[in-house]
Amino acid sequence: MKMIRAEKLEKVAFVLKTIGHPVRLSIINHLAIKERMSVNEICEALDLEQSLISHHLKTMKDKGVVDCVKDGKIRSYYLSLEEVLTVVNCMNNCKL
């Protein structure tokens with residue numbers, strides 16, 4: 001195993017702090033598969049309230065993890081931070 005550079009550790013810590021909640025991880029997992037989803041689609045997929053999903057999406061958007069495009073009244077969210085996909089891949093391969 002080799003030493004990890006300080007700037008890489010900071011980036012990993014930032015990503016983990018931002019996504020380190022079960023609801024956020026579930027949202028990210030869905031976005032990694034479907035690429036773009038509306039708030040309603042995410043609510044339906046996770047069977048959670050719109051206000052809770054919107055809160056987590058706002059937090060992740062403010063931190064640059066997700067972004068959205070607006071089509072009329074519908075906002076479609078997508079992953080905007082490439083490193084998050086690396087974390088998703090690590091989770092898929094983790095032997096916990």
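**The last helix and its surroundings**

Modeller: The chain has an accessible surface of about 7000 Å², and carbon and sulfur atoms hold 53% of that; areas come from the Shrake-Rupley method with a 1.4 Å probe, and for residues only the protein chains shown count as cover. This is a predicted model, in which local features need pLDDT of at least 70 and side-chain atom pairs count only at pLDDT 80 or more, while totals for chains, interfaces and linings use all residues. Residues are numbered from 1 along each chain as its sequence is written, and side-chain values use heavy atoms, with hydrogens and water left out.

The C-alpha trace spans about 50 × 25 × 20 Å along its principal axes. The chain holds five helices and three strands, in the order α-α-β-α-α-β-β-α from the N terminus. Helices (H or I, at least four residues) and strands (E, at least two) are DSSP runs, numbered from the N terminus.

pLDDT is the predictor's confidence in each residue, from 0 to 100. For the chain the mean is 91, and 99% of the residues reach 70 or more.

H5 (residues 82–93) has 12 residues and reaches 18 Å from first C-alpha to last, close to the expected 16 Å; the expected span is 1.5 Å times one less than the number of residues. Val84, Val87 and Val88 are its buried residues. They lie on the same side of H5, because they cover an arc of only 100 degrees around the axis, the arc being that of the directions from the helix axis to the C-beta atoms. An α-helix has 3.6 residues a turn, so residues three or four places apart point the same way. On the other side of H5, Glu82 and Asn93 are exposed. Buried means under 20% relative accessible area, exposed over 50% and partly exposed in between (1.4 Å probe, protein chains only). In the chain, buried residues make up 28% of the 96 residues.

The cover over the buried residues of H5 includes helix H1 (6–19), helix H2 (22–34) and strand S3 (74–79). Arg75 lies in S3 and counts as partly exposed because its relative accessibility is 38%. Leaving aside neighbours within four places in sequence, Arg75 is in contact (heavy atoms within 4.5 Å) with Met37, Ser38, Val39, Cys68, Val69 and Lys70. The C-alpha atoms of Arg75 and Asn40, 35 residues apart along the chain, are separated by 9.4 Å.

As for charge pairs, a search of the whole structure finds three salt bridges, each a side-chain nitrogen of Lys or Arg within 4 Å of a carboxyl oxygen of Asp or Glu. Lys58 pairs with Asp62 at 2.8 Å between the closest N and O atoms; both lie in helix H4 (residues 50–62), four residues apart, about one turn, and both are exposed. Glu7 pairs with Arg5 at 2.9 Å, and these two are exposed as well. Asp67 and Lys61 form a salt bridge at 3.7 Å. Asp67 is partly exposed, with a relative accessible area of 28%, and Lys61 is partly exposed at 35%.
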